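Here is a short briefing to read alongside the structure. Have the 3D view ready, and we can walk through it topic by topic.

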Amino acid sequence: MGLKIVVLYDGWCPFCIKTTNFLKRIDLSRNIEYESFREKSVVDNYKIPATNLEKRMHAIDRNNQAFEGIDAFILISKNILILFPMLPILIISKKLGFGQKLYDFIAGKRVLKLTNCENSCEISHRE
């Protein structure tokens with residue numbers, strides 16, 4: 001088996017978890033791995049600041065290049081056969097300038113469910 005794409009998602013976000021579980025179910029080729037960036041080792045391993053990961057989902061391609069937001073969804077759609085028909089829509093939305101804005105709007109509405117907190121948890125606030 002060749003290298004896989006890695007999707008870094010927010011393991012504290014129920015919407016992100018639900019979306020990731022859906023992608024796992026439809027990824028028949030199993031070419032994508034999913035890792036919650038809330039695991040400290042993930043942030044350390046990929047050297048992407050947690051503040052960036054909190055704002056947008058990231059995907060790492062086979063050449064170790066990171067993509068975020070709409071670009072991450074484009075990469076995912078290129079690697080899940082059933083999503084391939086969405087590629088033109090995603091690419092056009094990006095080129096017209098509203099794809100990333102729509103992604104950011106949806107991501108900005110996420111609600112986080114804190115887990116693994118003992119006495120307190122720190123979450124950076126969105127701007």
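Predicted model: local features only at pLDDT ≥ 70, side-chain atom pairs only at ≥ 80, totals over all residues.

**Nonpolar cores**
- L23 belongs to the largest nonpolar core, which has 18 residues; V7, L23, I32, Y34, I76 and I80 are the ones that touch the most other members.
- At least two residues of this core come from each of strand 1 (5-9), helix 1 (14-26), strand 2 (32-36), helix 4 (70-79) and helix 6 (99-108).
- There is also a second, separate core of eight residues, with L8, V42, Y46 and I48 among them.
- As background, nonpolar side chains tend to be buried together in soluble globular proteins.

**Burial and surface**
- Of the protein's 127 residues, 37% count as buried.
- Helix 4 is mostly covered, with seven of its 10 residues buried; these are I70, A72, I74, L75, I76, S77 and N79.
- The protein exposes about 8,400 Å², and 58% of that is supplied by carbon and sulfur atoms.
- On the surface, F15, L102, F105 and I106 form a nonpolar patch that has about 410 Å² of accessible area together.
- Helix 6 gives the most to this patch, with three residues.
- L102 is found in helix 6 and counts as partly exposed because its relative accessibility is 47%.

**Around Q100**
- Helix 6 also holds Q100, which counts as buried because its relative accessibility is 18%, under the 20% cut-off.
- Not counting residues up to four places away in sequence, Q100 touches R56, E68, G69, I70 and D71.
- A polar atom of the Q100 side chain lies 3.2 Å from the backbone nitrogen of I70.

**Salt bridges**
- A search of the whole structure finds six salt bridges.
- One of them joins R38 and D10, whose closest N and O atoms are 2.8 Å apart.
- This pair links distant parts of the chain, 28 residues apart: R38 is in the loop between strand 2 and helix 2 (40-46), and D10 is in the loop between strand 1 and helix 1.
- R38 and D10 are both buried.
- R56 forms a salt bridge with E68, again with the closest N and O atoms 2.8 Å apart.
- R56 is partly exposed, with a relative accessible area of 22%, and E68 is partly exposed at 29%.
- The side chains of D71 and K94 meet in a salt bridge too, at 2.7 Å from N to O.
- Here D71 in helix 4 is linked to K94 in helix 5 (residues 87-95), 23 residues apart.
- D71 counts as partly exposed at 23% relative accessibility, and K94 counts as partly exposed at 41%.
- Salt bridges that share partners join D10, R38 and E54 into one network.

**Contacts across the sequence**
- Among contacts between residues at least 6 apart in sequence, 59% join residues at least 24 apart.

Notes. Residues numbered from 1 in each chain as written. Heavy atoms only, no water. Core = buried A, V, L, I, M, F, W, Y, C linked by side-chain atoms within 4.5 Å. Buried < 20%, exposed > 50% of the residue type's maximum accessible area, 1.4 Å probe, protein only. Helix = DSSP H or I, 4+ residues; strand = E, 2+ residues; numbered from the N terminus. Patch = residues over 30% accessible without salt bridge, like charges linked within 9 Å, V, L, I, M, F, W, Y side chains within 5 Å. Areas by Shrake-Rupley, 256 points an atom, 1.4 Å probe, with all protein chains shown as cover. Salt bridge = Lys/Arg side-chain N within 4 Å of Asp/Glu carboxyl O. Contact = heavy atoms within 4.5 Å. Polar contact = N/O pair within 3.5 Å; in protein donor to acceptor, adjacent residues only side chain to side chain.
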